[in-house]
Amino acid sequence: MDFNPCMKHKMVRKTVREFAEAELGPIANDIDRQASFPWEVIEKMRPLNFFGLQIPKDYGGAEMDSISYAITIEELSRVCAAIGLCVTVHNSVGAYPIQLFGTEAQKKRFLPPLACGERIGAFCLTESNAGSDAGGVETSAAPEGDDYILNGTKIFVTNGGVCGIALIFANIENSGPRPESRVFIVEKETPGFIVGEIEDLCGMRANPVSSLFFEDCRVSSKNVLGGSIPGLRIGLTALDTGRIGIAAQALGIAQGAFDASVRYSKERQQFGKPISSFQTIQNYLAEMATQIDAGRLLLYRACALKDEEKPFSAEAAMAKLYCSRVASEVTGLGVQIHGGYGYSKEYDVERYFRDAKVTEIYEGTSEVQRMVISRSILTQLT
Amino acid sequence: MLKLVTCIKQVPMVSELPWDAKTGTLKRELAEGMMNPACKHALEAALLLKNRHGAHITAISMGPPMAEEVLREAVAMGADRGILLSDYPMAGADTLSTSYTLARAIEKECPDFDLILSGCYTNDSETAQVGPQLLEELNIPGATFVDQFEIKGNTIRMNRTVDEYLEILEMDLPGLITVSTHQYNPRYASLSGVEDAFNRADITRLGIDDLGIEPEMTGIKGSATRILDVYSPTTEKKNDVITGSPKQIVEELFAKYDDKIGSAIGKDLKDYE
Ligand SMILES: Cc1cc2nc3c(=O)[nH]c(=O)nc-3n(C[C@H](O)[C@H](O)[C@H](O)COP(=O)(O)OP(=O)(O)OC[C@H]3O[C@@H](n4cnc5c(N)ncnc54)[C@H](O)[C@@H]3O)c2cc1C
Ligand SMILES: Cc1cc2nc3c(=O)[nH]c(=O)nc-3n(C[C@H](O)[C@H](O)[C@H](O)COP(=O)(O)OP(=O)(O)OC[C@H]3O[C@@H](n4cnc5c(N)ncnc54)[C@H](O)[C@@H]3O)c2cc1C
């Protein structure tokens, strides 16, 4: 067991940190306030492979290992969680399912434009009646000749307003009492693909999370991901990987709030001393650092298992459950350390605080993570 | 195709490192290393040449084993090959023995180079000597603090700023330039570049035996300078109150301080007496 980051992982962190601090740092607060998507930065991210993190070289990606992936998302989110979200959703649940389940023709057609960021990916499972219960999807796909006609509404689609390729979970009509689910790869130009209004969210405001409407949207059977692979299986597998990304994002937010808090506690003077000289503040910092470190170890363990091609579903769920809680607690303490200024938009911690909460909700709520973890415990042979 | 060599030094990431008073060296182990900023500009200049005309770029560094990092970074940014000169006898080198060692390695590994690009100075020792010494060692022409340049055929045309004047120079290749930090803002390494730099990079590590040099010529033994003492400069302020009539005050002021006043305005006040 080696707990030292290797030279490559150090360089990945340095490379992404340099980029994030220089390009996203100066605008992170503004794009949050204006809820605007920073296309000009996305333009710079494209040639640096941020949109093809784990896609194989042959399809134009960087073919990174999972720890490098996690570090990348951490470092983006440490500065700007909304863009961390864009990148992790695009890579882990947008592109990765195609990489894993796609036919060769689908990979050749869809991975290169995703890998270079020419098209941003989205993952559309949630509906108004299907949240934690992913089986409750009502979007339908009616077979017609060689095509399917999609009808339904997806909500809370990360990257919804800017996506070029979306994975749509739908049930094949008339396929029996237990509807067969499939994932459809749909390009945004397809007639009947309609982008709804951008959600007015508490955090992650620079990410255009929106609804997507499908109105008689005709999609070729060539676009059914993996042919006859059940959608739910694709979804659950994708979410295992997605959770690594969300855990990394949560950790990055926590780290950002922690770094800001350490700086602030050394600068802010009360009672004639920096507040970092008070034992209570020191205890907060110690607590925050310990939680972040523990979360990071859980996360990198899940990544290492994934790269060793071992089961990692429960470990990814543990990492997501724990890191998202850490994000909420650490950002809360971060605001506390900043006092009234922490509650003001003048300081970054206010944004980190708002951004953190949703990591406990999307890609499976914390309650759902506990279900995943306990299922793995209770089904283990003893 | 142009054959370029870039000299890259790893420097500590923080600006103020404590000195080891006993050995007179920086406590480098206390900080993460990074590519010296001016070296990064030199590399960027080389990469632009490569993008425009095609070129083969060798990045070379002398330093401890950890200096491998900056060579991998150079490859991640687009260099084709890295050479690390690292060996126990090379330690503690001053600029003379650094440039001697770099020169012998370049002669051996890149004998048919067209242009060597080094940074103008480093952030840690900041002597700006290694470039000029290296061109002397190799007996080639060179120019320092080059802001911008162009290569046409066998000639390089360079802009450099000297005392706020723009100087335009030309020289024949092969040659050496030290690149300033005014232009050539370094690019970001791509993430696939970083992957490649670890999975398929051509990094060679060479010691004194590989270079065929004597241990006396490199490292601290080959150094012509010795650090006698290292200390932080201290500045003291002392108020000097001059009293009397205005005429007396002015006369006393000039009597006491004409050297300093003269050097501040760039004139020898004695000429005016
Ligand atoms: C900013 C944002 C971005 C999102 N991006 C995407 C996206 O890109 N793609 C996508 O498909 N979805 C996305 N979502 C949706 C998200 O994944 C869901 O909101 C989440 O899965 C929870 O579903 P729900 O909101 O319907 O809550 P519900 O499922 O209604 O849950 C409500 C509460 O009940 C709890 N609960 C539910 N069932 C159980 C149970 N069996 N046992 C115990 N507790 C239970 C939940 O944990 C939660 O606390 C996004 C959401 C947000 C806010
Ligand atoms: C007695 C003495 C002992 C020293 N001991 C040590 C020691 O133990 N460890 C230590 O690291 N330094 C030590 N130094 C510092 C060492 O002399 C300089 O770091 C080194 O010679 C380069 O000088 P510089 O940094 O001023 O480079 P400059 O001349 O300012 O650099 C200009 C350019 O030259 C090139 N260059 C410089 N150094 C290298 C290199 N090593 N590899 C490749 N290219 C290079 C780069 O392109 C750089 O941008 C010591 C110095 C003295 C005088």
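# Reading interfaces and ligand sites

Me: How do I read a buried area, and what is the area buried between domain 1 of chain A and domain 3 of chain A?

Reply: Think of the accessible area that two parts lose on being put together. In this predicted model, domain 1 of chain A and domain 3 of chain A bury about 2400 Å² between them, and carbon and sulfur atoms give 58% of that area. Three residues supply more than any other three on the domain 1 side: Glu74(A), Arg78(A) and Phe101(A), with 23% of the area that domain 1 of chain A buries against domain 3 of chain A.

Me: How many salt bridges cross from domain 1 of chain A to domain 3 of chain A?

Reply: To spot one, look for a side-chain nitrogen of Lys or Arg within 4 Å of a carboxyl oxygen of Asp or Glu. By that rule, three salt bridges cross this interface of chain A.

Me: What does a salt bridge between distant parts of the chain look like, and which residues does it link?

Reply: Arg354(A) and Asp32(A) meet through their side chains in a salt bridge of 2.7 Å, N to O. They are 322 residues apart, with Arg354(A) in helix α10 (residues 348-357) of chain A and Asp32(A) in helix α2 of chain A. Over all chains, the search of the whole structure finds 46 salt bridges.

Me: Now for two chains: what is the area buried between chain B and chain A?

Reply: The reading works as before. Chain B and chain A bury about 1900 Å² between them, and carbon and sulfur atoms give 65% of it. On the chain B side, Tyr188(B), Leu191(B) and Glu195(B) lose the most area to chain A, together 42% of what that side buries. The contact takes in 19 residues of chain B and 25 residues of chain A.

Me: How many salt bridges and polar contacts are there between the two chains?

Reply: The rule finds five salt bridges across the interface of chain B and chain A. One joins Lys8(A) to Glu195(B), whose closest N and O atoms are 3.1 Å apart. There are also 11 residue pairs in polar contact between chain B and chain A. Two helices of chain B, α2 (68-77) and α5 (191-199), each give two or more residues to the side that touches chain A. The largest share of that side comes from α5(B), with six residues. By class, the chain B side divides into eight nonpolar, two polar and nine charged residues.

Me: How do I read a ligand site, and which residues come nearest to ligand 1?

Reply: Start with the neighbours, then look for polar atoms. Ligand 1 has 16 residues around it, and Phe123(A), Thr126(A), Ser132(A), Phe156(A) and Thr365(A) come nearest. Ser132(A) places a polar side-chain atom 2.6 Å from an oxygen atom of ligand 1, and Thr365(A) has one 2.7 Å from an oxygen atom of the ligand. For a nitrogen atom of ligand 1, look at Thr158(A), where a side-chain N or O atom is 2.7 Å away.

Me: Which residues come nearest to ligand 2?

Reply: Of the 30 residues around ligand 2, the nearest are Cys7(B), Lys9(B), Thr122(B), Thr127(B) and Val130(B). A side-chain N or O atom of Lys9(B) is 2.3 Å from an oxygen atom of ligand 2. Backbone atoms can take part as well: Thr95(B) has a backbone N or O atom 3.3 Å from an oxygen atom of ligand 2.

Note on methods: Residues numbered from 1 in each chain as written. Chains lettered and ligands numbered in written order. Predicted model: local features only at pLDDT ≥ 70, side-chain atom pairs only at ≥ 80, totals over all residues. Heavy atoms only, no water. Buried area = accessible area lost by both parts, 1.4 Å probe. Contact = heavy atoms within 4.5 Å. Polar contact = N/O pair within 3.5 Å; in protein donor to acceptor, adjacent residues only side chain to side chain. Helix = DSSP H or I, 4+ residues; strand = E, 2+ residues; numbered from the N terminus. Nonpolar A, V, L, I, M, F, W, Y, C, P; charged D, E, K, R; others polar. Near = heavy atom within 4 Å.
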